[in-house]
Amino acid sequence: MVILGRVLETGTVQRQAATRGNVVQFKSVGLRYGSGPEVLQDIAFTLPAGSFHFLTGLSGAGKSSLLRLMYLAQRPTRGRVLLFEKDTADLARGQMPALRRRIGVVFQEFRLLDHLSALDNVALPLRVAGVSETDVQRYVPELLTWVGLADQLHAKPHTLSGGQKQRVAIARAVIGRPDLLLADEPTGNVDDQMAMRLLYLFEELNKLGTTVVIATHNEALVTRFRHPRLIIDHGQVSQVAPL
Amino acid sequence: MIGRRSDLPLAKDSTGRFLPLLVALMVFLSAVAVAGVIVLEGMIHRWDRDVAGTLTVQVTPAAGNPAESARLTDERVNAAIAVLQATPGVASSRALPKDELLALLQPWLGSMELLRDLPLPRLVDVTLDQRAHVDVDALALKVGAVPGASLDDHRVWLSRLIAMSRTIEWLAMGALALISAVTSATVIYATRTGMEVHREVIDVLHLVGAQDDYVARQFADRAFTLGLRGGALGLALAIPAFVAVSQAGRRLEGGFVPDLSLPVYGWALVMALPLVAAFLAMMTARITVHGTLSRLP
């Protein structure tokens, strides 16, 4: 696994080693929960490697559902979802973890593990990938320091503010330098200054070759960082050029 | 396995609180069953070794006045010995003197003075050549031709005793299998409950790329620790019980109860039980987690 800290430390911008081709492809995808109506209908779009997209839409439009399909927490009811040019329907259960390790996710509700410290939460993707404890202890504190949590390394999530939790969640998503970064409202609980700082981090990752999708309501960010948008409306997605 | 880092908060949850107590009970019962089987096996072996290659001829006392009866009985005994000595494969035959016979009966019937006047049957101790095959049934017919003489083949009652002992052994084995099944069922229940309690954590682990085995290992480590802890407690209860039974057996006189102490390999087996229980718990937990996760999307 490529650790973000190590990449930044060595200054090796490995764009040539990054994923090529299409990272995400949706083909006529539909999704319904139980016997309810389809929340996503005939979704079709492609995200090429190294792209940066904002995912926007009204609350309840299906942004989180779309992201869930992308980070393999949900299977589509119909259609095909391809990640890194592999049809997820054809993947055996044992092949999922390797694919998931290439995807970093910032959950809207953070989903930090309450019994673990900030450091251990961020270290999770490295530990499940078998990264040495020496590297964990070296790079995780560095990243937490970078997101302004140097004095909270050993704090449990329940002692952190919403903004601090969000930064821990972001650090966890990016520590493994994923090929695809999905963030669901990653700036919802931080001040404008930290929001900008985090967006710059995402842009840096993007420059390193990471494909980024950020679901957000923050129009100021969408306007300031000029990236194409995926707009979701009434269960359907349209791709729009930068504002 | 013990003390390995865990991302799941298993050490603090209550889903496995009673597992060590149950494993302790199971290890205690297993230790009793294993020790019982080993002691029984030793007894059977000793009986077999002591009785194999020996026969006894019983000669009932002849009727008549005491002097006449004694003379006739001696003749019958000599006739029986003559038949035995003429039989190929009989290594030796010896009539037990009356004093020796009385000494054998004394622990059961009391005073030798009272027994001395009783018309007791005479016994002839027969030793067979271990290398030769003796047709015991044919010999019984020949001995039976001597008035008042009959051949007692120990193997008949010994085989019945052994059959009964084997039945008890199988029962003990069945009990062990049941104990293992109950322990496994408890571990399965505790593991599934733990998985349900920590579902959110397991979800997050999967989403950051954990293999099923990464999760399974953590449940397995915890089951191993709890199993070992319970097993050690069960063993700690079993050892004093064995020592007490062994000492109680030694205090009994007259050879009613055979030696109840465990041989060295028996102790080794009993000592290994906590480890066996811990491994059983660990493997059960691991298989349970894999089975449960494989049914998830």
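## A helix out in the open, chain B

(Helices, H or I with at least four residues, and strands, E with at least two, are DSSP runs numbered from the N terminus.) H3(B) spans residues 98-109, and zero of its 12 residues are buried, so the helix lies largely in the open. Here, "buried" means that 20 or more other C-beta atoms lie within 10 Å of a residue's own, "exposed" means 12 or fewer, and "partly exposed" is in between, with C-beta atoms placed from the backbone.

This is a predicted model, where local features need pLDDT of at least 70 and side-chain atom pairs count only at pLDDT 80 or more, while totals for chains, interfaces and linings use all residues. Residues are numbered from 1 along each chain as its sequence is written, and chains are lettered from A and ligands numbered from 1 in the order in which they are written.

## A covered strand, chain A

Now look at strand S8(A), residues 211-215: five of its five residues are buried. Thr211(A), Val213(A) and Ala215(A) sit on one side, with Val212(A) and Ile214(A) on the other.

## The neighbours of S8(A)

Strands count as paired if DSSP finds at least two bridges between them. S3(A), residues 52-56, runs parallel to S8(A) with four bridges, and Leu55(A) stands opposite Ala215(A). S7(A), residues 180-184, is also parallel to S8(A), over five bridges; there, Leu182(A) has Val213(A) as its bridge partner.
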